[in-house]
Amino acid sequence: MNDTNNNLNGTVLGNVDSNSTLNNNQMPNENVETLDSGINSTVMTGSQVMDSSVMANPTPVQQPQVQPTQSTFFTNPPVNDMNIVDNSIQNNPLPANPEPMIMEPAPQVEPTPAYTNPQSINPNPMPGFENPGTIGTTPPISFEPEKQPKKKTNKTLFVVLIIIVLCAVGFGTYYILNYTDLLNQKTQITIEPKNIEHNIGEALSTNIADYANITGTDSRNCSLDIKDVDVTKEGTYLYKVTCGETIKNGNITVVDNTELVIETKTVYKAKGETLDAKEFISTEDATLTYQFVNPETIDGLINGGVATHTVKIKATAPSGKSVEVDGTLVIIEYPIKGYLTCSSNEQNVTGSNAKMTVANRFAIVNDGSNGYGNIASEIHTFKYTDETEYSTLLATYKNDNKVTINNITGKTTFDDASLTITITNDLDNNNLIAQYGEANLKSYGTIMNYFRTTLGYKCSYDIKK
């Protein structure tokens, strides 16, 4: 485009020889001369530039067009070449042998820099020199990101560093485990024993949490020692809790918080006999003491006539707890020598694994003929082979103070060693005579004969102590 503009607006003047013909036999249609001396440029056309020789010889000369080497872009507005005549040419015609005019190339116009567009920047500004033809040409623009050369890593150095780090970690671990207490610190174990009040006669718990509060370890890692505690006697005892090297002692106070339950029986005495408060107790407890509440009245009752009296008995536990119960005193005519007991054969109990026997007990008095003293009782004995059933009945009795077995209820005693329960009831003499006949109940001999021979019972005699 610049070349086109230069051809239109400028002309390069060649040398003129002495024959007044242009050098190279060329004459451009339009010649433009550009002066760099700062004077306004003059534009002349071919028709205006003439010397005297040319004008004298009107013969036309072929004018091949000369390709300018460089074109000059004029910023001044074009001047009408028809109106401009250089006075110097008119006044001073060209010499016969003019010196060739050397035209200096006009300064080349710098193109607009491409760095204003970031995507037009050539990532490789230096052109290659493999091909000389590429000099002076603009290399093609590459839109691919420049690839950075990969850095080579020193694998040996990396492995050495890893080995050093592993050695440092290993040494640090060894040092901590062997020369510090950081990982060997033991958790402090604390034991807070409890002061326990335990009811007499009841089994002790084996749960260690019932005896102490333990922190710093699981209670399963600890042991409990209660072997020195006697639950059958009231008092204060020591127990011990051990957790590793930590040992603590606590106190257990065995007390009797249960209500005293005393069962009594009827006592038969002849006039003038001695009487003890223990004789009114059905099941004597060796830990209790018994006494009459009104001991001064007892002598008057014993020395009176045949009658039935109610007396008060006081039972006292070692803890000081006491209870008063009523007993029945029967004054009879003759003193009792002993008791004749006749028992049935053993029989099964419906709905139970127990075996039952029924016994009748008759009082024999000292009347000279071993007569029947009109005092009798019926005794049911239940012997168990299943300890669970026996324990259940025992627990029922402790809660209700009575138990019913095979529809029988009465004064009850328990024998844990033989798993035996005995229920005793006093018999009415009139009912006995109606059931067995008065003749069969006259004396020791008639009773023995009837129950052995007729009923098939086994009879035994016990002397009163």
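This is a short tour of the model, stop by stop, with something to select at each one.

**Before you start**

You are looking at a predicted model, in which local features need pLDDT of at least 70 and side-chain atom pairs count only at pLDDT 80 or more, while totals for chains, interfaces and linings use all residues. Residues are numbered from 1 along each chain as its sequence is written, and side-chain values use heavy atoms, with hydrogens and water left out.

**Stop 1: the whole chain**

Show the protein chain as a cartoon and you will find 8 helices and 19 strands. Helices (H or I, at least four residues) and strands (E, at least two) are DSSP runs, numbered from the N terminus. Of the 465 residues, 27% are buried; buried means under 20% relative accessible area, exposed over 50%, and partly exposed in between, with a 1.4 Å probe and protein chains only. Among the contacts with a separation of 6 or more, 54% are between residues 24 or more positions apart, a contact being heavy atoms within 4.5 Å.

**Stop 2: colour by confidence**

Now colour by pLDDT, the predictor's confidence in each residue, from 0 to 100. The protein chain averages 75, and 65% of the residues score at least 70. Select residues 1-98: their pLDDT is below 50, and the model gives this stretch 106 contacts beyond near neighbours in sequence. Then pick residues 114-121, where pLDDT also stays under 50 and the model has 5 contacts beyond four places in sequence.

**Stop 3: the sheet with S4, S6, S7 and S8**

Next, turn to an open sheet of 4 strands with mixed pairing, in the order S4-S8-S7-S6. Its edges are strand S4 (196-199) and strand S6 (223-225), each of which pairs on one side only. From one strand to the next, the twist averages 30°; axes here are lines fitted to C-alpha atoms, for helices over the stretch in contact, and angles run from 0 to 180 degrees between N-to-C directions. Two strands pair if DSSP finds at least two bridges between them. Strand S7 (residues 235-243) and strand S8 (residues 246-255) are antiparallel, with 9 bridges.

**Stop 4**

Select residues 307-316 (strand S11) and 322-332 (strand S12) to see antiparallel pairing over 10 bridges. Ile-313 faces Val-325 in S12.

**Stop 5**

Select strand S15 (residues 355-365) with strand S16 (residues 372-383), an antiparallel pair with 9 bridges. Met-356 has Phe-382 in S16 as its bridge partner. The hairpin has 6 residues between the strands, and there Gly-368 takes a positive phi near 100°. S16 also runs antiparallel to S18, joined by 7 bridges. Look for Lys-383, which stands opposite Thr-420 in S18.

**Stop 6**

Which residues of H6 are buried? Select Tyr-390, Leu-393, Leu-394 and Tyr-397 to see them. They cover an arc of only 100° around the axis, which puts them on the same side of H6; the arc is that of the directions from the helix axis to the C-beta atoms. These buried residues pack against strand S17 (411-415) and strand S18 (420-426). The face turned away from the buried side carries the exposed residues Thr-388 and Asn-399.

Continue into the loop between H6 and S17, where Asn-401 is found. Asn-401 is not a glycine, yet has a positive phi of about 65°. With 42% relative accessibility, Asn-401 counts as partly exposed. Asn-406 lies in the loop between H6 and S17 too, with a positive phi near 55°. Asn-406 is partly exposed, at a relative accessible area of 36%.

**Stop 4: helix H8**

Finish at helix H8 (residues 444-454), where Ile-447, Met-448, Tyr-450 and Phe-451 are buried. What covers them includes strand S13 (336-343), S15, S16, helix H7 (429-436) and strand S19 (458-463). After H8 comes Gly-456, with a positive phi near 75°.
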